[in-house]
Amino acid sequence: MTEHEQEESHEQEEPAARRRTDAEEPRRAAAGEQRTAETGASHKEAREGRPQETAAVDAADEAVQKADETVQKDGAEVNTGAIIETAGVPEAAIPELVIISGMSGAGRSTAAKCLEDLGWFVVDNLPPALIPTMVELGARSQGNVARIAVVVDVRGRRFFDNLRESLADLETKNVTRRIVFLESSEEALVRRFESVRRPHPLQGDGRIVDGIAAERELLRELRGDADLVIDTSSLNVHELRAKMDAQFAGEEEPELRATVMSFGYKYGLPVDADLVVDMRFLPNPHWVPELRQYTGLNEEVSAYVFNQPGAKEFLDRYAELLRLIQTGYRREGKRYVTIAVGCTGGKHRSVATSEKLAARLVSEGVETVVVHRDMGRE
């Protein structure tokens with residue numbers, strides 16, 4: 001053992017040493033150094049004695065080592081490689097878990113880095129079978145690992161079938177977990193892969209679109225189980241980070257968060273919408289020459305839209321419907337909802353209605369973000 005390793009081992013042993021008697025100190029300290037050395041040697045031998053199978057296995061090994069070291073620094077004893085039960089651990093000490101998944105090229109790495117900047121313990125490409133172990137190690141860290149984010153993707157596809165079993169295991173242990181799914185259109189994904197000149201992980205000898213189709217089918221069930229779906233087709237890195245910050249930066253978790261998104265039907269439906277509202281039943285301000293150049297953010301356009309017959313009544317009744325839906329969402333534990341409000345071009349009617357609808361939600365205590373997806377595209 002080098003001098004540096006001896007100092008590091010001493011720092012890890014010190015909190016527990018304060019609780020030992022003078023008679024026990026030399027024997028237990030020596031035993032602790034031997035256990036630490038054997039654990040490090042076993043990791044090293046495991047790496048040198050087997051071929052480099054996949055990046056996923058290496059990432060998992062390093063993640064468990066990192067969690068192991070974090071726990072040892074707090075004076076807790078860890079049996080590396082064994083499942084650690086959370087029996088006897090206060091429920092408040094069980095870490096919060098976010099699983100980040102989605103399409104390759106849709107921004108998983110950016111989402112993970114955003115959570116890391118917010119203080120989350122982030123593990124990239126951890127095999128799903130090891131997620132419960134990761135959470136249990138965090139539970140033993142005495143609160144130092146209170147929030148864990150795990151990136152799960154098709155690079156670990158041979159482990160992917162274990163994900164549902166792992167999620168069921170976490171549910172029995174009262175672990176608060178959320179699934180964030182990053183979605184994107186085929187056109188946007190092809191463009192991103194071509195710009196970096198990299199193949200899709202699943203394309204094999206085929207084309208990029210073949211890999212995208214295979215991945216979308218593989219992830220279909222997970223997408224359906226997601227708590228939050230973010231469509232990054234038209235988002236840049238900064239806009240994606242802003243969305244993640246809006247969802248996870250708050251110190252206290254609200255009961256429900258809503259995103260109200262205006263869009264234009266001629267640009268396609270938002271793929272991450274939970275509810276869709278069609279405002280094309282109202283006259284289009286585009287055909288009013290003095291209003292055409294403005295958007296729904298302009299007071300004159302908003303007044304024109306809501307002075308039309310049925311506009312205010314629609315807003316009142318839809319707000320009432322949302323109150324009913326909110327109650328059900330909260331009861332079912334759904335924390336996020338995306339309401340898409342559409343018109344022809346996403347410039348006038350949908351923008352004005354989105355602003356009014358968001359104001360109603362805020363007044364009722366719903367934390368709300370407004371996004372105008374297609375405004376300015378014309």
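Reply: A cavity here is a set of points on a 1 Å grid over the protein atoms alone where a 1.4 Å probe fits but cannot get out, and its lining residues have an atom within 4 Å of a point. Volume is the space filled by probe spheres set on those points, which are joined across faces, edges and corners. Bear in mind that this is a predicted model: local features need pLDDT of at least 70 and side-chain atom pairs pLDDT 80 or more, while totals for chains, interfaces and linings use all residues. Residues are numbered from 1 along each chain as its sequence is written, and side-chain values use heavy atoms, with hydrogens and water left out.

On those terms, there are four cavities of 30 Å³ or more. Two or more residues each come from β5 (228-231), α10, β6 and β8; helices (H or I, at least four residues) and strands (E, at least two) are DSSP runs counted from the N terminus. The lining splits into eight nonpolar, three polar and three charged residues, with Ala, Val, Leu, Ile, Met, Phe, Trp, Tyr, Cys and Pro as nonpolar, Asp, Glu, Lys and Arg as charged, and the rest, including Gly, as polar.

Now for the second largest cavity, with about 60 Å³ of space. Its lining holds ten nonpolar residues, one polar and no charged ones. Helix α13 gives the most, four residues, and β8 also supplies at least two. Among the lining residues are A258, L275, L322, I325, Y329, V337 and I339.

Four strands line up as β7-β8-β6-β9 in an open, parallel arrangement; strands pair if DSSP finds at least two bridges between them. β7 (275-278) and β9 (367-372) are the edges, each with a single partner, so one side of each has no neighbour in the sheet. On average, neighbouring strands are turned by 20° against each other, direction ignored. β6 (residues 257-264) and β9 run parallel and are joined by six bridges. A258, from the lining of the second largest cavity, has T368 in β9 as its bridge partner.

Finally, back to α13 (residues 311-331): this helix lies across β7 and β8 (336-343), at about 175° to β7. Angles run from 0 to 180 degrees between N-to-C directions, with axes fitted to C-alpha atoms.

Key
Contact = heavy atoms within 4.5 Å. 1 Å grid on protein atoms, 1.4 Å probe; cavity = no way out; pocket = protein on both sides within 12 Å on 5 of 7 lines; lining within 4 Å.
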